[in-house]
Amino acid sequence: MTKTSMRWLLTIAGVFLYVGDIWTDIVLAVKYFQEEQYVWTGFTVMFILIGLLVTQIFSYAWYWDDLNDPLLNPEGKKEISDMSKPGLVVLAFGLGIFTRYYHLLKEGFQVVWTKSNGDGVDKLREVHKKLFCVATDLSMLKLFETFLESAPQLLLQLYILLGHNEVSVMQCLSVAFSFCNTAWSLVDYRRCLRRSLPHIREMPSGLPTAMYLLYKICTITSLILSYSLLLILSIYTTVALTVLWLLATIWTHLLETKFCSGRSLEFLYRAVVGVILTFTFFNVKGQDTKVAMTTYYIFYTVINIMSPSLMALLKPELQTSTLLLTISGLICGCSVLGLVCLILYYVQLHPRRVQCEEDEVDGLGKETKSLARIKNFLKP
């Protein structure tokens with residue numbers, strides 16, 4: 001099986017996880033409503049809608065930019081990627097990611113599973129570049145959706161499970177799909193990001209990918225568990241999390257990111273990055289991040305030490321609780337393992353820059369906005 005066909009099959013897996021994540025959350029919201037637990041219903045639905053709404057806004061804006069870009073659409077065609085201007089209306093109904101998945105799978109199937117009609121190397125290269133641009137936009141939208149819907153949903157359901165002793169099969173399924181969708185989105189985005197930069201080696205499969213995934217999953221899991229314990233201690237932890245999001249958003253704003261074509265969309269992007277930073281470190285502009293990352297993970301360690309300690313001090317009756325001991329053990333174990341994997345990945349396995357070859361000049365001047373968008377993350 002070729003690399004391209006494997007990526008096509010992995011895209012199918014990505015669709016399954018995305019649909020499964022949304023479906024389990026919707027079913028869970030209906031269950032809460034039937035049980036007259038309207039607060040949980042409201043929060044569950046809110047996270048679903050926020051994730052869908054924000055991703056549709058970005059998806060619509062990117063399609064519109066591509067339609068009006070003279071480099072991508074020099075002939076002024078009425079549609080691009082099989083999407084016409086009137087057809088953009090469907091994105092308003094939450095179908096942005098599904099539409100992109102449909103086009104990627106459809107066009108990818110024609111490339112991977114049908115015989116070539118004698119197309120030249122240049123033609124095939126152009127087709128592959130087009131598919132990669134679609135996959136790049138999709139990976140970024142999935143990253144946004146993950147931290148606007150999956151990660152907050154994971155925190156909410158864990159809080160309900162741990163703090164209110166309400167356990168059901170659908171809650172467990174929701175947590176499992178949110179967890180898997182988060183892991184998948186992180187690796188998919190990272191691989192697309194590395195592949196989009198010609199001066200940096202592509203992220204290899206195997207140990208480097210596994211180490212990066214383990215680092216991200218362990219650090220995010222331990223932080224979400226810590227947030228859950230703090231929420232159990234006091235519901236006013238939501239105020240602290242809001243302040244944390246505001247500080248992260250302000251920091252992103254001070255970096256003067258230039259990710260979007262419009263000012264309003266740029267502010268929305270910075271707010272989304274603020275949410276991502278609440279859960280994990282995110283390289284906003286591609287500058288040297290040693291100081292920023294070190295500061296972030298010092299703060300991360302403080303939270304992970306503080307949350308089980310406060311729980312034990314303020315609720316002494318739980319000091320011998322199996323649940324508290326288990327959660328504290330998970331927080332400690334995931335924190336240590338995550339930080340070890342982080343150090344090993346960036347010291348030993350992180351893809352390094354490569355010298356630019358002369359033939360790389362062919363791609364200059366024809367860079368699509370999809371690649372430009374993802375490269376803006378790493379602009380100094």
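1. A polar contact is a pair of N or O atoms within 3.5 Å; within protein, one atom must be able to donate a hydrogen and the other to accept it, and residues adjacent in sequence count only if both atoms are side-chain atoms. Keep that in mind for Asn304. Its side chain makes such a contact with the side chain of Ser226, at 2.6 Å.

2. A word on the model. It is predicted: local features need pLDDT of at least 70, side-chain atom pairs count only at pLDDT 80 or more, and totals for chains, interfaces and linings use all residues. Residues are numbered from 1 along each chain as its sequence is written, and side-chain values use heavy atoms, with hydrogens and water left out.

3. Stay with Asn304. This residue is found in helix 9 (residues 290-314). Helices here are DSSP runs (H or I, at least four residues), as are strands (E, at least two), numbered from the N terminus. Asn304 is buried, with a relative accessible area of 5%. Buried means under 20% relative accessible area, exposed means over 50%, and partly exposed lies in between (1.4 Å probe, protein chains only). Asn304 and Ser226 are 78 residues apart in sequence. In space, their C-alpha atoms are 5.7 Å apart. Not counting residues up to four places away in sequence, Asn304 touches Ser222, Leu223, Ser226, Ile331 and Ser335. Contact means heavy atoms within 4.5 Å.

4. Next, Ser174. It sits in helix 5 (residues 169-195). Ser174 is buried, at 1% relative accessible area. Which residues does Ser174 contact, leaving aside its neighbours within four places in sequence? They are Asp21, Thr24, Asp25, Leu28, Gln153 and Gln157.

5. Helix 7 covers residues 237-254. Its 18 residues should span 26 Å at 1.5 Å a residue, and its end C-alpha atoms are 26 Å apart, which agrees. The expected span is 1.5 Å times one less than the number of residues. The buried residues of helix 7 are Thr237, Leu241, Ala248, Thr249 and Thr252. They cover an arc of only 120° around the axis, so they lie on the same side of helix 7. The arc is that of the directions from the helix axis to the C-beta atoms. The face turned away from this buried side carries the exposed residues Leu247 and Leu254.

6. Two loop residues have positive phi. Phi of Glu256 is near 55°, a positive value in a residue other than glycine. Glu256 lies in the loop between helix 7 and helix 8 (263-279). Glu256 counts as exposed, at 54% relative accessibility. Phi of Glu36 is near 65°, again positive in a residue other than glycine. Its loop runs between helix 1 (3-34) and helix 2 (38-67). Glu36 is exposed too, at 57% relative accessibility.

7. Now helix 8. It has 17 residues and reaches 25 Å from its first C-alpha to its last, close to the 24 Å expected at 1.5 Å a residue. Of the 17 residues, 13 are buried, so helix 8 is largely enclosed by the rest of the structure.

8. How many salt bridges does the structure hold? There are three. A salt bridge is a side-chain nitrogen of Lys or Arg within 4 Å of a carboxyl oxygen of Asp or Glu. Side chains of opposite charge can pair when their charged atoms come close.

9. Take the salt bridges in turn. Glu35 and Lys31 meet at 2.8 Å, N to O. Glu35 is partly exposed, at 39% relative accessibility, and Lys31 is partly exposed, at 22%. Glu145 pairs with Lys142, the closest N and O atoms being 3.9 Å apart. These two residues are three apart in helix 4 (residues 121-164), which means a separation of about one helical turn. Both Glu145 and Lys142 are buried. Glu266 pairs with Arg270, the closest N and O atoms being 3.7 Å apart. Being four residues apart in helix 8, Glu266 and Arg270 are also separated by about one helical turn. Glu266 is buried at 5% relative accessibility, and Arg270 is buried at 9%.

10. Last, the record. An unreviewed UniProt entry lists "transmembrane region" for residues 6-26, 38-63, 235-255, 267-284, 296-314 and 323-347. UniProt positions are given in the numbering used here, feature names are shortened, and annotations may be inferred rather than shown by experiment. Residues 6-26 are 100% helix and 0% strand, with end C-alpha atoms 31 Å apart. Residues 267-284 are 72% helix and 0% strand, and their end C-alpha atoms lie 14 Å apart.
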